[in-house]
Amino acid sequence: MAEDQQQFLHLLSTLLSTDNTIRSNAETTLDGIPVETRATYLLASMRNTSVGEDVRQMAAVLLRRVISNEFEDFYNKLTPENQVHLKNELLATIQTETQAGMRRKICEVVSELARQLLDEEGNNLWPEFLRFLFESASNGTPEIKESALQMFGSVPGIFGNQQSQYLNVIKQMLQQCMADWSNYPVRYQAVKSLSSFILLHDDDVAIQKNFQDLTAGMIQIVAESIQKQDDDTLLKCVVDLAENTPKFLRLQTEPLLQMCTQAVANEELLDSWRQLALEVIVTLAETAPASVRKNGATLIPLVISTALKMMTDLDDDEEWSTSDDLTEEDNDSNSVVAEAALDRLACGIGGKSVLPHIIQSLPTMLSNTDWRYRHAALMAVSAVGEGCHKEMEPLLTQIMDGILNFLRDPHPRVRYATCNAIGQMSTDFAQIFEKKFHDKVIPGLLMVMDDNENPRVQAHAGAALVNFSEDCPKSILAQYLDSIMAKLEAILSAKFNELVERGTKLVLEQVVTTIASVADTSEEKFLVYYDRFMPCLKYIIQNATTPELRLLRGKTIECVSLIGLAVGAEKFTRDASEVMDMLLKTQTEGAEMADDDPQLSYMISAWARICKILGKQFQPYLPLVMGPVLKAASMKPEVALLDADDLKSVEGDDDWQFVSLNDQQNFGIKTAGLEEKATACQMLVCYARELKDAFSDYTEEVVKLMVPLLKFYFHDGVRTAAVEALPYLLECARVKGPQYVQDMWVFMCGDILKAMDTEPEKDVLAEQLAALAKCIETLGSGCLNDEMMTELVKILDRLMKDHFTRSTERQEKRKDEDYDEVVEDQLVDEDDEDTYILSKITEVIHALMAAYRSAFLPVLDNLIPHVVKLLGPDRPWPDHQWGICVFDDVIEFAGADSVKYQELFLRPLLEFLKDKSPEVRQAAAYGWGALGMHGTAVFAAACAQAVPTLIEMIAAPDSRSVENINPTENAISAVTKILKFNNSALHVDEILSHWITWLPTWEDEDEAPHIYNYFCDLVEANHPVVLGPNHSNLPRIIYIIAEAFNKEVLDAESEVYRRMVNIVRQVQGNQNVFEACLSQMNAEQQAALQEALT
């Protein structure tokens, strides 16, 4: 045994070898030893003080891994006596160990064993460990106290289902240790343990309140650690608490902010410490903004001025502006961290708290002779636009007057920062910015694009022009197209020559992107420039085939496809096949493209655009493009479960993101390729939507790919595309017959419902509900079996309950002591999100009513209490709107059978015709139209009762204003439907004399056919009220028709349009009468009439 132990010690020492082969062989040998034997040897090696500490630490690390990963395989095979022996040996080793580093490793082993000995019911199977913890923390030496606290911090849930009995003891233990002023390591571990314990209970407000009085002492100890500057763990703990349990810190917000503000402002501290302190402030601004505004009002100016000063911490690199490579910014530099902090601070506590201090600092910084200050000021303008949107918007002219001149600044990095600010404001204040400043911005950026001496600045001006043109109204951009395109053409030519002569490509890559963006906005107005640009762009695609030109080629591919989309099929089709052949040549020639080839994502997107242009003519290319698209969409991300030691070896790798599961375990995912996967999935949606039955041969493969992706929680875009594709795939599959479609639906339906039930993101949930509604509309009655229907109603029931619960929670937040107008803005945003989900829930109910009609009513009964609650007088107007919409659908699709609910909807429908909200009035008016058209004689009296209120609504002085026109036209349509289908309780002729004066209508394209069909009925029947005595109303009738044609409210292919043209032709037969009619029209109406007749 001793000899075996010696051999094992030698094996451990070889694991420390720097030679990969030796170490790999040793790992293989170690894995071959039976786990119970390995655990025994590791324990003995860990306790053996005669060998080097590095070997003992290695033994401890490996023993912890055995306990963590192979616990069942070795512990349960030990006899009860050996189990007790193992536990006692470990606790004894902590007490006898003299080396601090080694003792920490042993504590990690003990903590892992304690974690494993807590069963699923929360029973602690190692009570001796709890006793050891308390005794050590209360009466042990400082070293043993430290160890006890370390272990409690590692397994803060160790008390399991007994915790409530021990809460006061835990608190007392931590309090005593935090007050041990003679031993900083004990105080340090106590704060770390307190942090772990609170984070474990991040959703238990009672525990957080109970321990809240420890925060003052905690902050003192953290401040002490900042002074020492030897271990930043405690400051990181405060960041975690600020992120996850801000209410726990609430009582000490002011001293905490004070401590961190002082640390950020202290330039003698290491940068990493200052940045961590800034992170605490910014995180609190995000998670407890009202508390920060209230308790940190005097500190915010200092935080902002310090962040601005940090943003000046830049190197004066003379080669920066001439570099042809966009080197990544150092994310750990003060300037980058501080800029991001300003952005987050503004988004967190709002513009009112941030912008005045920025504006106050700008003039001094912009007039500083040191370029770094001018640069920082301009980057600050870029950073705070999103968070200060409301406050900045009225000041835009003042800000632009202050910064535009810096496009001519002598320093290239200041010119770069000015372009950055303009580009960012173009996005943050989209359309307003473009409309206000186009006459200054476009010439200014075109001027900077002449800066050939500083390609990085030149390229950034092009990038800013992309941002500007993306949201610029086409009519505005069109005014500058000649000058923009002349500039881009000149640069494209010059930079192409530079590429050939010198190999530089940065500006060329950007110009290609800028051309694409301008074309995308200009659409058909780009036609005149098409022939000037397309040959050169095709040449680049054809010839830029070397590895270093892959990005340029990719961007050119994007550019060509966006130009094609802009100019349309007629112009692009002759080049489309040539471009497709060039793209496919990349696929078919030579080696397969690498997964990280930047061309791939550009090509996948370009194929989808070309598919959109060509429509079904794209089908022959499908066999060639589907392979790469499916491969990208099928990409499985690399994931890993790493312990704390493994994590250290990959920290700082930007390709990985980690989530801490507990003190020792971290879940990691490699994020590279996720965006490309999402793009590929979105392109498959495009193919299914555009190609329809021409895509049918791929439906089975794509459905099998997409359905599992409904639960791809690593990327919201993938889940969204997956569910969006499903109704289109059902549509594509119809050509294969009803059984094929039914089998496909059965395959996907259960998974859609499961995904909806567990979806964490509201945006994705909204897409899932919308897609499900489309599927039901596509498949019709009987698409859901009893089990599916029950599950769906259960989900809708829960979602509606959630709607009311969240509404109540928001009302409670309005009573919070930190409530203010910025909190109200956030609550309004949350209201809007919930309303959007509610609208999608009603879409599903609409689809079910449309498919099942009266057969759905017994199922709907389960949800009716929620619908009635939406109509309550205490509910906000969007609830009223969507509640009424549900009853509108019930009336429309169940007809007379809706009478079972009349006590629930008739009074609200009538009352809501007078609601302040136009949306509610519109929904109510639509409901009366549905009762008129579908309610049958059962509702004749109710309809007659509603007509005076509808007339009152139509006759209101502001009934045709922008906000009221839709409800008004729905009211006109409602009266029309009642007159036509349900008039038995009315004097029709009396109402008709009013009705004809309400025409024409032109806004609501859904209701217009109902109104104008009834109009045609009356005219064709020579109704005396409509035609007037001796047909005196004919000019009015022809005027109504002409204005309807002028406003293009009717489909020119529709039956009602044809009827109206025939009426005009009949009147045209009498030349004198027709000319009298024309004389009462304006030129536009006459032209519209002429066009309809020809």
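Helices (H or I, at least four residues) and strands (E, at least two) are DSSP runs, numbered from the N terminus. The model is predicted: local features need pLDDT of at least 70, side-chain atom pairs count only at pLDDT 80 or more, and totals for chains, interfaces and linings use all residues. Residues are numbered from 1 along each chain as its sequence is written, and side-chain values use heavy atoms, leaving out hydrogens and water.

**Exercise 1.** Describe the chain: its helices and strands, its box and its buried share.

*Solution.* 
- Start with the elements. The chain has 55 helices and 3 strands.
- Next, take the box. Along the principal axes, the C-alpha atoms fill roughly 120 × 75 × 65 Å.
- Then turn to burial. Buried means under 20% relative accessible area, with a 1.4 Å probe and protein chains only. Of the 1094 residues, 55% are buried.

**Exercise 2.** Find the kink in α25, then name the helices its buried residues pack against.

*Solution.* 
- A bend is the angle between axes fitted to the seven residues ending at a residue and the seven starting there.
- The kink in α25 is about 80° and is centred on H438.
- H438 is one of the buried residues of α25, and others include F437 and V441.
- Contact means heavy atoms within 4.5 Å. The buried residues of α25 pack against α23 (396-403), α24 (412-428), α26 (455-470) and α27 (474-502).

Notes. Buried means under 20% relative accessible area, exposed over 50%, partly exposed in between (1.4 Å probe, protein chains only).
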